[in-house]
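Student: I would like to go through this structure term by term. For each label, please set the value against its definition.

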Amino acid sequence: MFRWTPMAERLSETQLAQLSEFVAERMGFYFPRERWPDLERGMRSVARAFDFEDTESCIRWLVSSPVTQNQIETLASHLTVGETYFFRERQSFQILKERVLPELIRQRRGMDQRLRIWSAGCCTGEEPYSIAILLREILPDLKDWRNTILATDINPHFLKKAAEGIYGEWSFRGVPPGTKDRHFAKKHGDRFEILPEIRRMVTFSYLNLAEDAYPSLLNNTNAMDVIFCRNVLMYFAPERAKQVIRKFHLSLVEGGWLVVSPSEASQILYSQFVTVNFPDVILYKKDSYKASAGVPYGLEEKPGPSLQPAFAFSFASPPDPEPVIAEPQAEFVVTDAQEPDVVETESVPYAETLGLYEQGRYQEAAQMLSALLTEDPGNAKAMALLARVHANQGNLTEATRWCEKALAADKLNPAYHVLHATILQELGSTQEAVRALQRALYLDQNLVLAHFALGNIARQQGKFKEATRHFENARILLGAYAQEEILPESEGMTAGRLREIMRSTNGTQVSAISREQSFPRQTLKK
């Protein structure tokens with residue numbers, strides 16, 4: 001191991017330019033010339049973390065070698081600021097409390113009582129816990145609601161601290177009076193622990209905004225009512241920031257809200273949203289009609305069309321373009337001129353519909369699928385995709401109906417049982433979701449994502465030994481896949497990516513999951 005020796009000389013402009021290009025390409029982080037001093041300070045810290053004798057050697061090593069996920073996480077932890085506190089930028093929370101959440105609650109109360117909120121770039125957890133505290137204060141019937149607060153970050157060390165939920169006095173600067181007493185328990189010294197009932201409201205998960213797929217059923221980044229992404233986009237290059245914002249737009253339900261830091265406000269970056277000016281705060285609203293028509297959203301008018309009460313699942317839909325109907329084409333390929341072996345291929349209309357779905361063009365996809373099912377009412381594959389389309393627009397009732405139709409048409413397809421489990425879990429039917437996943441594994445015991453999903457459910461229920469068993473099974477099965485190989489029924493997720501997620505997820509729960517169990521690596525656990 002090298003002994004760190006502080007270097008007096010500064011990095012050259014050429015080195016800084018090379019380093020800036022490297023982190024932009026590999027991580028999406030943006031360090032223009034005016035931020036090079038920050039980049040240099042961060043890299044000196046990175047060099048120490050990697051046990052290099054000097055920063056220049058560390059840079060040469062990084063730019064000349066394939067970057068592992070662990071290296072990306074280390075870079076992220078040293079090149080970003082991990083300092084935050086409860087109710088930071090308090091005016092945003094005030095608008096959330098007084099304007100945004102009351103309207104959502106009014107629309108959902110007595111019907112489909114759930115809210116979905118995502119803290120993207122949650123750091124050490126102060127922001128998502130602030131959201132949970134706010135919901136606890138304004139919802140007297142909180143127990144009657146199914147709320148989701150998803151908190152994601154690229155730094156597993158931050159996630160681990162967030163999951164522990166223990167904070168010092170510095171995290172409470174500027175909090176409303178009495179907040180600490182009502183929602184935290186005093187620990188030794190000047191430490192305070194978030195109450196268990198608030199901790200349980202938040203789910204922490206690893207996610208790389210620059211690289212990972214979202215919105216996605218798999219990582220629950222879908223059909224959000226509110227997305228907080230504050231003091232995060234400033235780290236991204238402009239083009240990468242636009243990509244992230246576009247994905248946020250898809251991740252929101254119609255009428256959903258994006259909350260960014262005041263310093264990150266921009267008419268250009270958020271052009272697909274409607275800009276809403278509140279006192280001292282600018283928020284961005286997904287209102288596809290007004291955004292496409294250029295209609296301003298003023299405080300003097302009432303909000304746009306009410307959210308459908310079923311909104312709570314998967315992707316939100318972008319503005320509806322004119323439908324594109326594919327011309328009928330041959331569905332078979334003749335492979336032998338003398339004795340033709342007719343090989344059935346995926347029908348062109350379905351393939352085109354799948355493409356529309358993957359682009360987030362859900363209305364067009366739904367139209368084409370409806371036409372396809374009119375011609376072929378027993379097409380289970382089309383039914384399952386239509387279930388995803390409805391789920392991705394937040395319509396769980398229709399999603400359930402079409403998923404059950406697909407299962408009736410093809411009971412032996414494990415993918416449909418996994419889809420059914422995903423919808424059931426979002427509906428709050430956890431035990432039914434478990435049974436659906438078990439049916440999927442009965443049909444295909446090697447379905448990695450079913451084991452992974454069962455592990456997540458068990459962990460959420462506090463069944464840590466059972467969770468460990470399911471995760472170990474998933475890890476064993478992943479051994480059969482190459483790093484870049486796409487996993488079945490994963491919406492494009494690679495085996496390597498799931499390995500990274502499992503490692504990071506386990507890191508956030510290290511204090512909760514029993515370490516006493518030691519499982520052999522050769523056989524799946526029953």
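Tutor: We start with burial: buried means under 20% relative accessible area, exposed over 50%, and partly exposed in between, with a 1.4 Å probe and protein chains only. The model is predicted, so local features need pLDDT of at least 70 and side-chain atom pairs count only at pLDDT 80 or more, while totals for chains, interfaces and linings use all residues. Residues are numbered from 1 along each chain as its sequence is written, and side-chain values use heavy atoms, with hydrogens and water left out.

Student: Where is Phe 22 found, and what does Phe 22 touch?

Tutor: Phe 22 is in helix H1, residues 13–27. Helices are DSSP runs of H or I with at least four residues, strands are runs of E with at least two, and both are numbered from the N terminus. Contact means heavy atoms within 4.5 Å. Leaving aside residues up to four places away in sequence, Phe 22 touches Leu 62, Val 63, Val 67 and Leu 75. The C-alpha atoms of Phe 22 and Val 63 are separated by 6.7 Å, although these residues are 41 apart along the chain.

Student: How does the span of H1 compare with what is expected?

Tutor: The expected span is 1.5 Å times one less than the number of residues. H1 has 15 residues and reaches 20 Å from its first C-alpha to its last, close to the expected 21 Å.

Student: Which residues of H1 are buried, and why are they said to line one face?

Tutor: Gln 15, Leu 16, Leu 19, Ser 20, Phe 22, Val 23 and Met 27 are buried in H1. Down the axis of H1, the buried residues fall within an arc of 160°, so they line one face of the helix. The arc is that of the directions from the helix axis to the C-beta atoms. On the other side of H1, Glu 13, Thr 14, Glu 21 and Glu 25 are exposed. The cover over the buried residues of H1 includes helices H2 (36–49), H3 (55–64), H4 (69–79) and H10 (238–251). Gly 28 follows H1 and has a positive phi, near 80°.

Student: What makes a set of residues a nonpolar core?

Tutor: A nonpolar core is a set of buried Ala, Val, Leu, Ile, Met, Phe, Trp, Tyr and Cys residues joined through side-chain atoms within 4.5 Å. The largest nonpolar core has 92 residues, and Trp 118, Leu 209 and Phe 248 have the most contacts inside it. Helix H5 (residues 90–108) gives the largest share of this core, seven residues. Apart from this core lies another, of 30 residues, among them Leu 356, Tyr 357, Cys 403 and Ala 406.

Student: Why is strand E8 described as largely enclosed?

Tutor: Seven of the eight residues of E8 (residues 252–259) are buried, so the strand is largely enclosed by the rest of the structure.

Student: How do you know that strand E7 pairs with E8?

Tutor: Two strands pair if DSSP finds at least two bridges between them. Four bridges join E7 (residues 224–228) to E8, and the two run parallel. Phe 228 stands opposite Val 259 in E8. E8 also pairs with strand E10 (residues 281–285), in the antiparallel sense, over two bridges. Leu 258 has Tyr 284 in E10 as its bridge partner.

Student: Why do Asp 51 and Asp 280 get their accessibility labels?

Tutor: Asp 51 is at 32% relative accessibility, so Asp 51 counts as partly exposed. Asp 280 is at 69%, so Asp 280 counts as exposed.
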